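Please look over the sequence and the model before reading on.

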Amino acid sequence: MAQVTVFFSEVAANIKVKKDTTRMFDLLTIHKVEFTKTDVSIDEEAKAYMKEHSQAKPGVLPLLFVRGSFKGTLVEMDEANEDGALLQWLGLDN
């Protein structure tokens with residue numbers, strides 16, 4: 001698994017989920033964070049891993065993992081970004 005992984009669904013019907021996913025991708029890209037996109041709508045093994053290892057409410061997407069551990073949702077990511085501490089929050093500020 002890559003250092004940073006975003007679990008999302010390409011077929012999400014919810015407009016908010018799609019916007020949140022785009023926002024998460026954009027924030028990572030702007031901060032030059034390399035990440036892997038994992039589409040849980042086509043990868044059952046990844047979906048099971050995501051469910052087992054996250055503390056998010058069921059159905060919440062996208063979810064961010066760092067080094068295989070659940071880090072948070074867009075809410076937490078946005079808070080860290082607004083505080084100017086996104087890389088620190090991700091643990092990538094070395």
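The model is predicted. Its largest nonpolar core has 16 residues, and its largest pocket has a volume of about 230 Å³.

**Nonpolar cores**

- In the largest nonpolar core, which has 16 residues, those with the most contacts inside it are Met24, Leu28, Leu64, Met77, Trp89 and Leu90.
- At least two residues of this core come from each of β1 (4–8), α1 (15–30), β3 (63–66), α3 (74–82) and α4 (86–90).
- Helix α1 gives the largest share of this core, four residues.
- Beyond its neighbours within four places in sequence, Leu28 is in contact with Val4, Val6, Val33, Phe35, Leu64, Met77 and Leu90.
- Another core, of ten residues, lies apart from the largest one, and Val17, Ala46, Leu63 and Phe70 are among its members.
- In soluble globular proteins, nonpolar side chains tend to be buried together.

**Largest pocket**

- The largest pocket, with a volume of about 230 Å³, is lined by 14 residues, of which Lys47, Met50, Lys51, Pro58 and Gly59 are the closest to its centre.
- Helix α2 (residues 44–53) supplies the largest share of this lining, four residues.
- The lining is made up of seven nonpolar, three polar and four charged residues.

**Gly91**

- Gly91 sits in the segment after α4.
- Lys71 is 20 residues from Gly91 along the chain, and the C-alpha atoms of the two are separated by 9.8 Å.

Definitions and conventions: Residues are numbered from 1 along each chain as its sequence is written. This is a predicted model: local features need pLDDT of at least 70, side-chain atom pairs count only at pLDDT 80 or more; totals for chains, interfaces and linings use all residues. Side-chain values use heavy atoms; hydrogens and water are left out. A nonpolar core is a set of buried Ala, Val, Leu, Ile, Met, Phe, Trp, Tyr and Cys residues joined through side-chain atoms within 4.5 Å. Buried means under 20% relative accessible area, exposed over 50%, partly exposed in between (1.4 Å probe, protein chains only). Contact means heavy atoms within 4.5 Å. On a 1 Å grid over the protein atoms alone, a cavity is a set of points where a 1.4 Å probe fits but cannot get out, and a pocket is an open set with protein on both sides within 12 Å along at least five of seven lines; lining residues have an atom within 4 Å of a point. Grid points are joined across faces, edges and corners, and a volume is the space filled by probe spheres set on the points. Ala, Val, Leu, Ile, Met, Phe, Trp, Tyr, Cys and Pro count as nonpolar, Asp, Glu, Lys and Arg as charged, and the others, Gly among them, as polar.
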